[in-house]
Amino acid sequence: MRQQKLMELRGIEAEYSPFVAASLMNEVYMPGRVQVAQAGSLGLLQVIDKKIPTAAIACYPTQRQAFLCHKDSPLKNSISELKGAKVLGRPAVVGITIGSTTHLAFLIAVKVYGLEEGKDYVIKNTAPADILMMPQGIDIVGIWEPNVMLMDEFLKNARIFDLINNYEIFNGYSYMRGEIEENAPDVVQAYTDSFMEAQLIARYKPKEAISDFAADPSQRGRDIKLIERDVQIHVLNPKPTRNYVFEDTGGLWIPLELYQSGIMTDAGVLKRRYTEADFKAVLRPKYLAETFNQLGWAVPKKAPFMPSNWAGKVGQPPYPPYGVMEMGKQNFPGPGDLIRPWTFAGKTFKPS
């Protein structure tokens, strides 16, 4: 969007400010210093708590997250091995960032396996930068992509011990100030149109997109092969309709958000219990639905990042495999993806 000036082409001036964490982004979003933010579900909950009028217009779903351990650890492949401290002979030290999505996932796993704090594990609040170093004195860490690949495949200082995806279905949101929606809904629509056009440009010119991303200051010091993997998995492989904000299809997103936020409330991390009305007040699927309509795309009836035969049930982990990485390269358009002919890269596709 920035490199191709897609907002400017629609008559809207835009500046792009990078932030490394949702909490930092919300510090400038909530007082109105920025008008658009990107954060995980917990970041959106902060906005709901502060009663900031907001429209969540797109999502970033099912990014892989994982628990990792030292390569020589006796732990094998499941958080369940912490039960009774039988493997380590003591409570496991778990390094996670308190209040993060990885913390949420660990709390869900604790509930699934009936683990006891102090007996089976102790939590050590650990910053992401320290997690990447896989420090001694910590048995398990939790982190998200592309850092999982960085540690497991590039730094080779840790190995995947259990997938966070087994316990938590991650979702992130792109959300915009409510006063913009109230006074200039055409700007919200221009943003979602630009958001989707940026993905199509990346699909049309993947080498240029990867090169632009690699040159961004936020990627300084990262291996180009890691950047290529990241872009391939999270931008080029999935169906571009994955960003649609469902209210409820197979339990996504509102029932899931209610379940997962409830876990954090039970643990005392969140101070109140959220309701369906809380999420309906901020979720705005209509803007991407209009973008899809302009393109001739169908609004997905099912989440495109879930296998068609997925046997899991939202709110009842552990879950069978799913997600943008699990699905691999997805053909688009496929059956049911179009409502009328669509031309892309010189080729016209017809509904099937």
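Modeller: Please keep in mind that this is a predicted model. The accessible surface of the protein chain comes to about 16,400 Å², and carbon and sulfur atoms account for 53% of that surface.

Colleague: What percentage of the 352 residues is buried?

Modeller: A residue counts as buried when its relative accessible area is under 20%. In the protein chain, 52% of the 352 residues are buried.

Colleague: How many helices and strands does the secondary structure of the chain contain?

Modeller: There are 13 helices and 12 strands. The radius of gyration is 21 Å, close to the 20 Å that the globule rule gives for 352 residues, so the chain is as compact as a globular protein of that length. Its C-alpha trace spans about 60 × 40 × 40 Å along the principal axes.

Colleague: How many aromatic pairs are there?

Modeller: Two rings pair if their centres lie within 6.5 Å. The count comes to 20 aromatic pairs. One of them joins Tyr29 and Tyr175 edge-to-face, at 5.1 Å centre to centre and with 85° between the planes. Tyr29 belongs to helix H1 and Tyr175 to strand E8, so this pair ties together parts that are 146 residues apart in sequence. Both Tyr29 and Tyr175 are buried.

Colleague: Which residues form one aromatic cluster?

Modeller: Among them are Tyr204, Tyr244, Phe246 and Trp297. Tyr244 and Phe246 make an edge-to-face pair, 5.1 Å centre to centre with 75° between the planes. Tyr244 counts as buried because its relative accessibility is 11%, and Phe246 is buried with a relative accessible area of 5%.

Conventions
Residues numbered from 1 in each chain as written. Predicted model: local features only at pLDDT ≥ 70, side-chain atom pairs only at ≥ 80, totals over all residues. Heavy atoms only, no water. Helix = DSSP H or I, 4+ residues; strand = E, 2+ residues; numbered from the N terminus. Rg over C-alpha atoms; globule rule 2.2 N^0.38 Å. Buried < 20%, exposed > 50% of the residue type's maximum accessible area, 1.4 Å probe, protein only. Areas by Shrake-Rupley, 256 points an atom, 1.4 Å probe, with all protein chains shown as cover. Phe/Tyr/Trp six-rings, centres within 6.5 Å; stacked < 30°, edge-to-face > 60°.
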